[in-house]
Amino acid sequence: MHARPFQQIDVFSRRPGDGNPLAVVLEADDLQDADMRRFAAWTNLSETTFLLPPTEAGLAGGADYRVRIFTPGGELPFAGHPTLGTCHAWLQAGHAPRVPGCIVQECGLGLVRIQQQDDLLAFAAPPLQRSQPNPALLALVTGALGLRPQQIVAAQLLDNGPRWLALLLPSAETVLGLQPDHARLKDLGQDVGVVHVAPTASDIGQPGVTVRAFAAPMGNPEDPVTGSLNASLAQWLIAEGLAPRQYLVAQGECLGRAGRVHIAQDDDGQVWVGGQAVTCIQGTALL
């Protein structure tokens with residue numbers, strides 16, 4: 001065992017305690033898979049990440065670093081708040097990208113670009129696969145959420161690494177009032193994201209989109225603030241004309257958080273998912 005630099009970051013928030021926490025182990029290149037799984041299970045956070053040098057292929061593609069992302073139950077190829085939180089930790093540790101203001105992260109999904117503008121980090125939403133959900137599954141999930149079928153404005157299966165059944169609901173009050181049967185959702189094996197887009201969503205001075213994420217199959221009944229879900233929601237909603245090209249998301253209110261996710265689609269059609277991050281704990285971890 002060695003003492004390794006360690007940070008705990010709050011992501012999608014300027015103030016500690018308002019966002020989604022992430023554990024980051026730096027200098028993890030000699031750790032075995034079993035070591036990473038054990039430590040991630042011990043932190044018991046939704047995700048723990050491990051910083052490593054890029055692979056040869058990643059380095060050739062411009063990667064500044066490589067990250068492996070673990071939940072308490074296993075490894076993920078990609079996740080949003082770990083991407084921003086790990087980048088924040090890497091920068092806080094004194095590293096600098098090869099191209100100023102543009103960091104390239106290597107992960108299981110491939111290379112992910114991250115823009116830095118003042119204290120805002122934003123990742124390029126990875127390619128999305130989406131499809132119509134199976135009607136039987138949709139009916140079961142609707143029931144587990146305590147919703148009536150007529151309350152579902154639109155629905156899509158979204159897959160950008162994590163796979164979500166996304167439901168567009170008619171009001172923010174409907175989203176915030178949900179009291180899901182998490183045991184039923186876990187049995188169904190389907191992570192669920194719910195969203196409402198207000199008519200005023202194009203006013204980015206205040207949150208105009210409300211999101212909740214239910215991930216009982218991954219061992220997390222409700223995620224405070226979810227980058228991967230917001231990335232795939234934005235790609236779906238903007239493409240279908242259901243949301244403006246730029247908006248601000250509020251997520252986490254039902255958990256006592258005040259997460260804020262910045263969404264913007266550039267002129268090339270690329271969706272960027274951004275937020276602030278703050279270091280809450282810094283020291284060493286023995287592993």
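This is a predicted model: local features need pLDDT of at least 70, side-chain atom pairs count only at pLDDT 80 or more; totals for chains, interfaces and linings use all residues.
**Entry 1**

Two strands count as paired here if DSSP finds at least two bridges between them. I then checked how the two strands run: E1, residues 3-11, and E18, residues 277-286, are antiparallel and share 9 bridges.

Phe 6 has a partner in E2 as well, namely Val 25.

I followed E2 onward to E3. Here the pairing is parallel, over 3 bridges. Val 24 has Thr 49 as its bridge partner in E3.

**Entry 1: strand E3**

How many of the residues of E3 are buried? I found 5 of 5, so to speak a strand that is mostly covered. Thr 48, Phe 50 and Leu 52 point one way, Thr 49 and Leu 51 point the other way, and all are buried.

**Entry 2: helix H1**

Next I looked at H1, residues 33-43, and noted which residues are buried: Met 36, Phe 39, Ala 40 and Thr 43. Viewed down the helix axis, these buried residues sit within an arc of 100°, so they line one face of H1. On the other side I found Ala 34, Arg 38 and Trp 42, which are exposed.

What do the buried residues of H1 pack against? I listed E1, E2, E3 (48-52), E4 (65-71) and E18.

**Entry 3: His 81**

I looked up His 81 and found it in helix H3, residues 80-92. Is His 81 buried or exposed? Its relative accessible area is 2%, so I put it down as buried. The side chain of His 81 reaches the backbone oxygen of Pro 21, and I read 3.0 Å for that distance.

I also went through the contacts of His 81, leaving aside neighbours within four places in sequence. They are Val 11, Phe 12, Asn 20, Pro 21, Leu 22, Ser 46, Glu 47, Val 225 and Gly 227.

**Entry 4: Val 278, back on E18**

Val 278 belongs to strand E18. With 17% relative accessibility it counts as buried, because the cut-off is under 20%. Val 278 and Gln 8 are 270 residues apart along the chain, yet their C-alpha atoms are separated by 8.8 Å.

Gln 8 is also one of the residues that Val 278 touches, once residues up to four places away in sequence are set aside. Others in that list include Ile 9, Asp 10, Arg 14, Pro 16 and His 88.

**Entry 5: Ala 57**

For a contrast I picked Ala 57, which lies in helix H2, residues 56-60. Its relative accessibility is 62%, and exposed means over 50%, so Ala 57 counts as exposed. I also checked Ala 57 against Glu 106: they are 49 residues apart along the chain, and their C-alpha atoms are separated by 9.5 Å.

In soluble globular proteins, nonpolar side chains tend to be buried together. I went looking for such groups here. The largest nonpolar core has 52 residues, and Leu 233, Leu 237, Tyr 247 and Ile 263 have the most contacts inside it. Helix H7, residues 227-239, gives the largest share of this core, with 7 residues.

Which residues does Tyr 247 contact, leaving aside neighbours within four places in sequence? I wrote down Ala 201, Ile 204, Val 209, Leu 233, Ala 234, Leu 237, Ile 238, Val 261, His 262 and Ile 263. There is also a second, separate core of 18 residues, with Leu 137, Leu 138, Ala 144 and Ala 155 among them.

**Entry 6: the whole protein**

I left the overall view for the end. I counted 7 helices and 18 strands in the protein. The radius of gyration is 18 Å, close to the 19 Å that the globule rule gives for 287 residues, so the protein is as compact as a globular protein of that length. Along its principal axes, the C-alpha trace spans about 55 × 40 × 35 Å.

Of the 287 residues, 54% are buried. Last, I took the contacts with a separation of 6 or more: 64% of them join residues 24 or more positions apart.

Terms used: Residues are numbered from 1 along each chain as its sequence is written. Side-chain values use heavy atoms; hydrogens and water are left out. Helices (H or I, at least four residues) and strands (E, at least two) are DSSP runs, numbered from the N terminus. A nonpolar core is a set of buried Ala, Val, Leu, Ile, Met, Phe, Trp, Tyr and Cys residues joined through side-chain atoms within 4.5 Å. Buried means under 20% relative accessible area, exposed over 50%, partly exposed in between (1.4 Å probe, protein chains only). Contact means heavy atoms within 4.5 Å. The arc is that of the directions from the helix axis to the C-beta atoms. A polar contact is a pair of N or O atoms within 3.5 Å; within protein, one must be able to donate a hydrogen and the other to accept it, and residues adjacent in sequence count only if both atoms are side-chain atoms. The radius of gyration is taken over C-alpha atoms; the globule rule is 2.2 Å times the number of residues to the power 0.38.
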